[in-house]
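Here is a friendly briefing to read alongside the model.

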Amino acid sequence: TTRGGSRCLVVEHAYHGHTSAVIGLSPYKFDHRSFGGRGQPEWVTKCPAPDLFRGPHRGADAGRRYAEAVAEACAAEGEGGVCAFFIESGMSVAGVLLPPAGYLASCYEAVRAAGGVCVADEVQTGLGRFGTCWWGFEQQGVVPDIVTMGKPMGNGMPLAAVVATRRVSDAFAAGPEYFNTFGGNPVCAAAGLAVLEAIERDGLRANAAATGQWLRAALQALRAEEASHGAVVGDVRGAGLFIGVEFVRERASREPAAAETSWLCSRLKDEHRILTSIDGPHDNVLVIKPPLCFSRSDAEQLVHALRSELVGMRGADLAGVTATPT
């Protein structure tokens, strides 16, 4: 920390990586039953995930009301007691959740007032996936103190980066000398530059915005086919090519349709060669995060396949369906 605080704030179901340090910041990991309730570090506070579909706050004031929990956590630590607030700009493991309007601005204000820094995890959402912007946090009109980015930078090559404000980097430089034998190499750096050039040259952000907008509208239309097979589609959400489809057994109760989601995910792979994944605390959110070159034609193929499998699922025996590992 740059100011001496030790308390880190995260949101429920967050996932920030596999090293021991970031597992401690990832409720998705440390809340796993294998930890026996002892996984959460004492220096970490969990705040409610800003879930507009299942959470307690779903109205126009949801951003402010969810941010109140972060402000209360800051107040509990007192002035200077907070080290940092970590959040994914789009929460994939939590079920493809996007922060509601005003949420990050309110959270950042409270965290900074308590002496902490604000960290935006852009590993999954950065580099144009939202389409309208390079970084997910831009949708909220905020500027983080630290931004982390990873695998999409190298498009398959091992590459990651951390970007920080001058104040943060100066504080880091004032500490013990840092060096890393494997901290970089010319080949991966060239790959990263090529990725940035391709995003701009090939108009991939614009494609993500246009294709994603069409795909979400098509999925919403599928949801509207309630009388036939769309009733299990509880919610469609996301931005650009970061899309989640939440499946439910009954819309009024929002009972999670975990087996149905696993069945659909497997059928899309086995019968149509379409790869999706499953996320969310109830394992009932089908996640669509294709390459940014994913086209309108590709999106049409996906919707056609999903409609076909939804129709087929009505007569399928799901009793033996197990969770699909993704």
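**Briefing: contacts, rings and helix packing**

Leaving out neighbours within four places in sequence, Gly 238 is in contact with Val 96, Leu 98, Arg 216 and Ile 243, where contact means heavy atoms within 4.5 Å. The model is predicted, so local features need pLDDT of at least 70, side-chain atom pairs count only at pLDDT 80 or more, and totals for chains, interfaces and linings use all residues. Residues are numbered from 1 along each chain as its sequence is written, and side-chain values use heavy atoms, with hydrogens and water left out.

- Gly 238 is found in strand E7 (residues 233–239); helices (H or I, at least four residues) and strands (E, at least two) are DSSP runs, numbered from the N terminus.
- Val 96, one of the contacts of Gly 238, has its place in the loop between strand E3 (82–88) and helix H4 (103–113).
- Val 96 counts as buried at 0% relative accessibility; buried means under 20% relative accessible area, exposed over 50% and partly exposed in between (1.4 Å probe, protein chains only).
- The phi of Val 96 is near 60 degrees, a positive value in a residue other than glycine.
- As background, most residues other than glycine have a negative phi.

- Arg 273 sits in the loop between H8 and strand E10 (277–279).
- At 68% relative accessibility, Arg 273 counts as exposed.

**Ser 89 and Asp 121**

- Ser 89 lies in the loop between E3 and H4 and is buried, at 4% relative accessibility.
- Beyond its neighbours within four places in sequence, Ser 89 has contacts that include Leu 98, Asp 121, Glu 122 and Phe 130.
- Ser 89 and Glu 122 are 33 residues apart along the chain, and their C-alpha atoms are separated by 6.2 Å.
- Asp 121 lies in strand E4 and counts as buried at 10% relative accessibility.
- Not counting residues up to four places away in sequence, Asp 121 touches Tyr 15, His 16, Ile 87, Glu 88, Ser 89 and Thr 148.
- From Asp 121 to Leu 104 the distance is 13 Å, C-alpha to C-alpha, for 17 residues of separation in sequence.

**Aromatic rings**

- A search of the whole structure finds 4 aromatic pairs; rings of Phe, Tyr and Trp (its six-membered ring) pair if their centres lie within 6.5 Å, and planes under 30 degrees apart count as stacked, over 60 as edge-to-face and the rest as tilted.
- Phe 130 and Phe 242 form a tilted pair, 5.7 Å centre to centre with 45 degrees between the planes.
- Phe 130 lies in the loop between strand E4 (117–121) and strand E5 (146–149) and Phe 242 in strand E8 (residues 242–250), so the pair ties together parts 112 residues apart in sequence.
- Phe 130 is buried at a relative accessible area of 2%, and Phe 242 is buried at 0% relative accessibility.
- The charged end of Arg 254 sits over the ring of Phe 53, 4.3 Å from its centre; a charge sits over a ring if NZ of Lys or CZ of Arg is within 6 Å of the ring centre and within 35 degrees of the ring normal.

**Helix packing**

- The axes of helix H8 (residues 258–272) and helix H9 (residues 296–313) come within 10 Å and cross at roughly 125 degrees; axes are lines fitted to C-alpha atoms, for helices over the stretch in contact, and angles run from 0 to 180 degrees between N-to-C directions.
- That angle makes H8 oblique to H9; angles under 35 degrees count as roughly parallel, over 145 as roughly antiparallel, 65 to 115 as roughly perpendicular and the rest as oblique.
- The contact between H8 and H9 involves residues including Trp 263 and Leu 264 of H8 and Leu 306 and Leu 310 of H9.
- Helix H7 (residues 204–224) and H9 have axes that come within 10 Å and cross at roughly 20 degrees, which makes H7 roughly parallel to H9.
- Among the residues in the contact of H7 with H9 are Trp 214 and Leu 215 of H7 and Leu 306 and Leu 310 of H9.
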